[in-house]
Amino acid sequence: MRNFCRPSHEDMWYNSSSIREPHSEFWDALAHFIGGIPGLQDLIWAAGGYIPPGVLSISAERRIRLHVHHFYLPSLVQVRDTPKPVSAYDYALCTLSSLYSITVRASPLVSGGRVNYIQEAVMQMVAGQAPNLAHVCVVPTMGSGELDPGLDQTVLLGRPNWKGFFPGQTDLTQELEGVTARSSSSSRGKLQTLVFPVYVPGGIEHWARHTDFSRLSSLVMSWERGNGIALAAIASQGNLKYLKKLRLFCINDDETELSQHADINLLFSSLNPLERLDASGYIGPTTFDIITRQHGPGLRALKISSCLPYDLDGRESLLVTFSAPVLEKLAANSPHLTHLDISINRTRGDKHEVAIYRALSRFPRLEHVALRLGFRVGPDGESWDEESNGPNPLQLAAEERDSSKIPLVYLQEAFSNGAIDEKLARSIFEVTAGGGRNTLRYLRLQPFRQMSPGDPGNDSIFRSTLIWFNRSFVCKRDSQGPSGVTVHELDLVGFVCLADGEEQWSEMASATTDEDFWYGEEAYVAAFKAVWPPKTKEWWRDWESLPLDLGE
C-alpha cells in the first residue's frame with residue numbers, strides 16, 4: 001500500500017469525527033466534480049465514515065480505486081439481543097467493486113452495551129465479499145475508561161456470535177460452510193497488504209484461512225501471542241512466497257527460549273529475499289546472520305531495533321551488536337541497500353567506534369542512514385563478574401537510589417559518550433560518506449541511554465543533567481553548505497527537554513557552597529569539569545564532543 005493511501009499516525013489513533021450530513025445537492029456536486037477529473041485512478045476518502053452514494057457510484061463506474069481511512073458500518077453496531085440485517089448502504093460499501101483499501105477500527109464491544117460486528121464483516125470482505133480489496137489495516141480502539149453499566153452487563157453476559165449480514169434470511173451453517181470452502185480453495189481473498197499496528201485480532205492463522213497469503217506482498221504484525229510462531233509455520237510451507245515488505249515487532253523476552261529462537265530463524269530462513277525489513281525486539285546474532293545471508297542481496301531498506309533501552313534486563317548477550325565486522329559482512333551481502341536504521345555503541349569516538357562509521361562507508365548504494373547512539377552509565381551489568389572484579393561499582397547508587405553516588409569515572413564516561421555537537425555530527429557524516437566518495441545523502445544521529453531495570457540515574461535531576469549533552473542532528477549532503485554538507489539540530493522532546501537541562505546546569509553553576517547542593521549535584525559538576533575544564537564564567541555552556549580518533 002502506498003503511503004498516501006494510509007491515514008497519518010495521528011489520524012489513525014485519534015479518529016476524526018464522521019461527516020454524515022445527507023445534503024444531496026452538495027454530495028451530487030462532489031460526485032460530479034470527481035467524475036470530471038480525467039485519468040483519476042485513486043480516490044482517498046478521509047472525511048469520516050460516511051461516503052455519499054454518488055461518490056461510491058462514480059468510483060465503481062469509473063473504476064477509480066477507493067481508499068477509505070475510516071471504514072465504518074453503523075448498521076452492524078447493534079443492541080446485544082436484537083440482531084438486525086446490514087443496511088443496503090453498508091452492504092453496498094462492503095461489496096463495492098472499486099473498494100481497494102480500508103483502515104478499520106476494531107472494538108467488539110462499544111458504549112451502551114452494544115455489540116460491534118464490523119470486524120466479522122471485514123473478515124467476509126477479506127474472504128472475497130469485496131472482490132478487489134487489496135489492502136487492510138486493523139487498528140484496535142480502546143474504551144474511554146468511564147463507567148458504563150450497559151457495557152459491563154454485555155461483558156458479563158458474553159458476546160453473541162454474529163448471525164451474518166442477513167440473519168434469518170441466510171442459513172448460518174451454509175454461510176460458515178461457504179467460508180470454509182473459500183479457505184481451502186483458490187477463491188479466498190487476494191490481499192496484498194495486511195497491517196496490524198498493535199495485535200492481530202483472531203490470530204494470524206485466522207486471517208490466513210480467509211485470504212491467500214501467497215499473494216501478500218506487505219505485512220505488519222506483532223510476534224506476540226503465538227502469532228510469530230504461526231507465521232513461521234506458514235512461511236515454512238511456502239505460503240509467503242511473494243512477501244517483499246515485513247515489519248515484525250514485539251519479539252520480546254517471553255519469546256527468547258531456544259525453541260522461540262528456532263522459530264524466528266525458521267521464519268527468516270523460509271522467506272524469499274525481502275526488499276524492506278523492519279524488525280524490533282530481541283534479534284540475536286544468529287538471526288541477524290540469517291537475515292544478512294538470506295535477505296541481504298535483495299534488501300533496499302533495513303531497520304533493526306534490537307530492544308528498547310529499558311527492556312534489556314541483563315539479556316544483552318542475546319542481541320546483535322552492530323560492530324564493524326558485522327556491518328562489513330552486511331555491506332558485502334547488500335549491494336542494493338539504500339536505507340539503514342540501527343543502534344550502535346558509543347565508545348568516546350575511539351578507533352572501534354570510528355571503524356563502525358568506516359564500515360558504513362562500504363555500502364555501495366547507501367543513501368539514508370539513521371543511527372541511534374547508545375551509551376551507558378557504568379559498566380555492563382551482565383558482563384560484570386563480582387568474583388573477579390568485586391562488588392558492582394553502581395551497587396551503592398542503585399541500593400540508595402542516589403544518582404550522585406555513581407562513581408566519578410562513570411559519570412565522566414557517560415557525559416563524554418552522550419555529548420553530541422554539530423562538529424562531531426559533521427565528522428561522523430564525513431567518515432560514513434567515505435569523504436564524499438559514496439552515495440550517502442542523509443544521516444540522522446540520536447543519542448540514547450541504555451538502561452536495565454534497577455540501574456541508578458532514573459531521577460528527573462540526573463535525566464535533566466544528561467539531556468543537556470544529548471543533542472540529535474540531521475546531516476544532509478547539500479552543495480550550498482560548508483563542505484557540501486548541512487547540519488541541523490533536531491528538537492526532540494522526551495521525558496525531559498533541552499530547556500530542563502539548561503535550567504538544571506544553570507542552577508548547579510550558580511551554587512557557591514556545598515549547602516547549595518541538595519541532592520549531591522556537586523558530583524555532576526565535578527565530572528563535567530574533569531571532562532571540560534572551565535574556561536569562561538558560563539563554563540557549563542562550553543562543553544564539546546570528544547573528537548573522533550581518525551588515526552589509521
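## Helices α11 and α12

In this predicted model, helix α11, which covers residues 285-295, and helix α12, which covers residues 324-333, have axes that come within 8 Å and cross at roughly 25 degrees. Angles under 35 degrees count as roughly parallel, and α11 and α12 are therefore described as roughly parallel to each other. A pair of packed helices is described in general by two values, the angle between the axes and the distance between them.

On the α11 side, the residues that meet the partner helix are F288, D289 and T292, while on the α12 side they are V326, K329, L330 and N333.

## Helix α10 and the residue N265

Residue N265 has its place in helix α10, which runs over residues 258-270. With a relative accessibility of 16%, N265 counts as buried, because the term buried applies to values under 20%.

Leaving aside the neighbours within four places in sequence, N265 is in contact with T286, T287 and I290. For I290, which is 25 residues away from N265 along the chain, the separation of the two C-alpha atoms is 7.1 Å.

## Helices α18 and α19

The angle at which α18 and α19 pack is about 100 degrees, and their axes are 7 Å apart. Angles of 65 to 115 degrees count as roughly perpendicular, and α18 and α19 are therefore roughly perpendicular to each other. From α18 the contact takes in I461, S464, T465 and I467, and from α19 it takes in L498, D500, G501, Q504, W505 and M508. The residues of the contact of α18 with α19 divide into 5 nonpolar, 4 polar and 1 charged.

Within helix α18, which spans residues 460-467, the residues I461, F462, S464, T465 and L466 are buried. The buried residues of α18 pack against several elements, namely strand β13, helix α16 (408-418), strand β14 (442-449), helix α19 (498-510) and helix α20 (522-531).

## Strand β12 and its partners

Strand β12, made up of residues 339-345, is mostly covered, since 5 of its 7 residues are buried. It is joined by 3 bridges to strand β11, residues 301-305, and these two strands run parallel; in this pairing, K303 stands opposite D341 of β12. Strand β12 is also joined by 7 bridges to strand β13, residues 368-375, again with the two strands running parallel. Here H339 is the residue that stands opposite H368 in β13.

The loop between β12 and helix α13 (351-360) is the place of R348. Phi of R348 is near 60 degrees, which is a positive value in a residue other than glycine, and at 38% relative accessibility R348 counts as partly exposed.

In helix α3, which covers residues 53-62, the residues V55, L56, I58 and S59 are buried. Just after α3 comes R63, with a positive phi of about 55 degrees, and this residue is found in the loop between α3 and β2. In contrast to the buried residues named above, R63 counts as exposed, with a relative accessibility of 75%. R63 is not a glycine, although its phi is positive.

Further along, P74 lies in the loop that connects β2 (65-71) and β3 (77-78). The relative accessible area of P74 is 28%, so that this residue is partly exposed. The C-alpha atoms of P74 and S87 are separated by 8.6 Å, and the two residues are 13 residues apart along the chain.

## The protein as a whole

The secondary structure of the protein comes to 20 helices and 16 strands. The protein has 552 residues, of which 49% count as buried. Of the contacts in the protein with a separation of 6 or more, 75% are accounted for by residues 24 or more positions apart. The protein exposes about 26700 Å², and carbon and sulfur atoms supply 51% of this area.

Terms used. Residues numbered from 1 in each chain as written. Predicted model: local features only at pLDDT ≥ 70, side-chain atom pairs only at ≥ 80, totals over all residues. Heavy atoms only, no water. Axes fitted to C-alpha atoms, helices over the stretch in contact; angles between N-to-C directions. Helix = DSSP H or I, 4+ residues; strand = E, 2+ residues; numbered from the N terminus. Parallel < 35°, antiparallel > 145°, perpendicular 65-115°, else oblique. Contact = heavy atoms within 4.5 Å. Buried < 20%, exposed > 50% of the residue type's maximum accessible area, 1.4 Å probe, protein only. Areas by Shrake-Rupley, 256 points an atom, 1.4 Å probe, with all protein chains shown as cover. Pairing = 2+ DSSP bridges. Nonpolar A, V, L, I, M, F, W, Y, C, P; charged D, E, K, R; others polar.
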